[in-house]
Amino acid sequence: MTPPYPSPLSRRGLIAAAGAAGAAGAASVVAGAPGAAASSPRRSAALVVHNSRVFSGLKGNAPARAVAVGRDGKILAVGSDASLKRFIGRDTQVVDGRGGTLMSGVHDGHAHPMDAASRSLRPSLAGAEQTVEELRKTLTGFLKDSAEQEPDGWLVVEDWNPVGLLPRGTAPHHSMLDALPTRRPIALRGGDGHNLWANQRALDIAKITASTPDPVGGKIVKGADGKPTGVLKDDAQPLVSRHIPEPDEAQLADAAAKTLAEAAASGITTFMEAVVGRGELKLYQRLAESGRLLQRIVPALRIESGQTKDPAAAVAYAKALRKDFGDVRGLRFGTVKVFLDGVIEYPAQTAALLKPYLDKDGKPTDHRGDLYVSPAEFGRLSAAFNAEGWQMHAHAIGDRAVRTSLDGYEYALRKTGARGLRNTTAHLQLVDPADLPRFARLGVIPCMQLQWATRNIWTMDALLPYIGAGRHRLLYPARGLERHGALLSGGSDWPVDPLQVWNQVRTAVDRSGAGGEGDLYRAEEGLSRSSALLMHTIGTARQLRMDHLTGTVERGKSADLVLLDRDVTRCPVADISSAEVRLTLTGGTVVHDADTSAGRAAAARTTRAAAGPRPTAQAAVHGGRHASCGCG
């Protein structure tokens, strides 16, 4: 029998052919009415993938095994192997899917790729748990590696674990760092983004003393003697970090290009950069101008706590950034980010709770965490931005912060009547059951990082004793939100966690993941496989107001596609974690091809990063550089 397709072609030249729409195809907004493959006129495709299992993301669609990509960067047709043979021309590239899933590219609704680039330029502790002696030995090695920077060059180390000093309960103090054989200023930046540990030299440079007041939204940790211990929380971190020299711009751009290539190798075609200022925008501009911006980027412009008190000025600030960078190809403006609280895990406990934290013996305290923006201020700010068509994105970990976000969005809706803006609340570690129905009613998108929804030291030892079993059962209520009609979206919070896209999808289902020590309320809160895939594709496209353009596999939509090495719709759930990406397209342009040397290198970097020790983000899970660089 004659096969429906010619024998597999060489992959050489695939990138050039499939990218016939040009780099512009990956970054431009595509409009097009989806339709059935049968109505497509006969014209040859730039690329056809066949012998795959297409996950379209659409309800009621007939099973499909092939997709044709047009020369305009849009999906030309979706259907059976036989029906799409007619789109193959003499120069059409044909890819055998080998039975793997072909689906929409992954849209990451909350990540920090530029911070991942910056972190990659510095040594890392990788979230290790160490004794003080072991830590000093590691840091001494870092000092020797950069001995030419004595005596004044900063040693900045990433992914310090704020709860990782052994024996358990050992509190960090600058004296532990002062004992190192150096005069250099030292700053260990917590992998959670909510803590920074500095030596005395760094404190002196920052002029931090016993009399230095806590900044708004931050805390200078002080000992029993009233003097600074060297630990700075949340918005106190910039007191030190603003003195740290920035990396060379060209070096940072090169690092950023590598991080985006790693993301493409993971199947990501769109990012929401979860906190952005002028520096990040300049970096994206540089990447775009050099043709190295591989994903669509929705920059969430950070509104500082102080700016929330003057909504008109905050709106003017956001508009000015959009004016200055709005013509950068690949950037889609219209979102701002506000931190409402911190993190919930011990010892930080800066997330805002409705009821007080418990002490280590399970007894109530008088501490309910920190709310960085008052409900009234957040309501007025949301109304001001929504009136201008801007979307809000709120970091909210604790149930009091989540309620504050919903109250603010409800106030804005009453004041403006503006629906469909898809205001978003991110992280949602703890949500009061009474608030679950409000998401659907208000049209608010819950953006969840469900790789954290697993049973481990961070959800058990650092959390359960301090909130009690009743509240613990409510952690990451994905199915509860879905059951009440909320439309879920997904994000990684990379580099707070390693970029493990497919383990992230898997953990949304089994609430255990590759590194879990058991499931975290799978029976109550685990999602179906289909829901997990949808929340990371069309769900996040909806959050980012791009669902008219991308997020499903249907004719007329942008060819933002990913081809996997297995069928993740049918393989054992645990096997989803180790899925590998063979091909990624953004706007019809191939941005990752595992059969090329560059593609193999990017995939190898991603694998190495994912295989390393879990960073502290698993403890504080949500931060990102809340203060020093604005992640979270």
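Guide: Two strands pair if DSSP finds at least two bridges between them. The model discussed here is a predicted one.

Visitor: How do you know that S22 and strand S23 are joined?

Guide: 4 bridges join S22 to strand S23 (residues 581-586), and the two run antiparallel. The definition asks for at least two bridges, so S22 and S23 count as a pair. Within this pair, Leu 563 stands opposite Leu 583 in S23.

Visitor: How many bridges join strand S6 to S22?

Guide: Strand S6 (residues 101-104) has 3 bridges to S22, again in the antiparallel sense. At least two are needed, so S6 and S22 pair as well. Ser 104 has Leu 561 of S22 as its bridge partner.

Visitor: Which way do the residues of strand S22 point?

Guide: In strand S22 (residues 561-564), Leu 561 and Leu 563 point one way, while Val 562 and Leu 564 point the other way. All of them are buried.

Visitor: What makes S9 and S13 edge strands?

Guide: They belong to an open sheet of 5 strands, with the order S9-S11-S12-S14-S13 and mixed pairing. Strand S9 (155-160) and strand S13 (218-222) each pair on one side only, and these are the edge strands. Neighbouring strands of this sheet are turned by 20° against each other on average, direction ignored.

Visitor: How do you know that strand S12 and strand S14 pair?

Guide: Strand S12 (residues 195-198) and strand S14 (residues 228-234) share 3 bridges in the antiparallel sense. The definition requires at least two, so they pair. One of the residues involved is Trp 197, whose bridge partner in S14 is Val 231. Helix H5 (residues 132-145) packs on the sheet and touches S9, strand S11 (186-190) and S12. The direction of H5 makes about 135° with that of S9.

Visitor: Why is the pair of Tyr 346 and Tyr 466 called what it is?

Guide: It is one of 5 aromatic pairs in the structure. The ring centres of Tyr 346 and Tyr 466 are 4.6 Å apart, and a pair needs centres within 6.5 Å. Their planes are at 5°, and under 30 degrees counts as stacked, so the pair is stacked. Tyr 346 lies in the loop between strand S17 (335-339) and helix H12 (375-387), and Tyr 466 lies in helix H15 (residues 464-472), 120 residues apart.

Visitor: Is Tyr 466 buried or exposed, and how do you know?

Guide: Its relative accessible area is 12%, and buried means under 20%, so Tyr 466 is buried. For Tyr 346 the value is 41%, which falls between 20% and 50%, so Tyr 346 is partly exposed.

Visitor: What makes the pair of Phe 378 and Tyr 409 tilted?

Guide: The ring planes of Phe 378 and Tyr 409 are at 55°. Phe 378 is in helix H12 and Tyr 409 in helix H13 (residues 399-416), 31 residues apart. Phe 378 has 0% relative accessibility and counts as buried; Tyr 409, at 2%, also counts as buried.

Visitor: What makes you say that the charged end of Arg 455 sits over the ring of Tyr 521?

Guide: The charged end of Arg 455 is 5.9 Å from the centre of that ring, and the distance limit is 6 Å. Arg 473 also sits over the ring of Tyr 521, with its charged end 5.9 Å from the centre.

Methods: Residues numbered from 1 in each chain as written. Predicted model: local features only at pLDDT ≥ 70, side-chain atom pairs only at ≥ 80, totals over all residues. Heavy atoms only, no water. Axes fitted to C-alpha atoms, helices over the stretch in contact; angles between N-to-C directions. Contact = heavy atoms within 4.5 Å. Phe/Tyr/Trp six-rings, centres within 6.5 Å; stacked < 30°, edge-to-face > 60°. Buried < 20%, exposed > 50% of the residue type's maximum accessible area, 1.4 Å probe, protein only. Lys NZ or Arg CZ within 6 Å of the ring centre and 35° of its normal.
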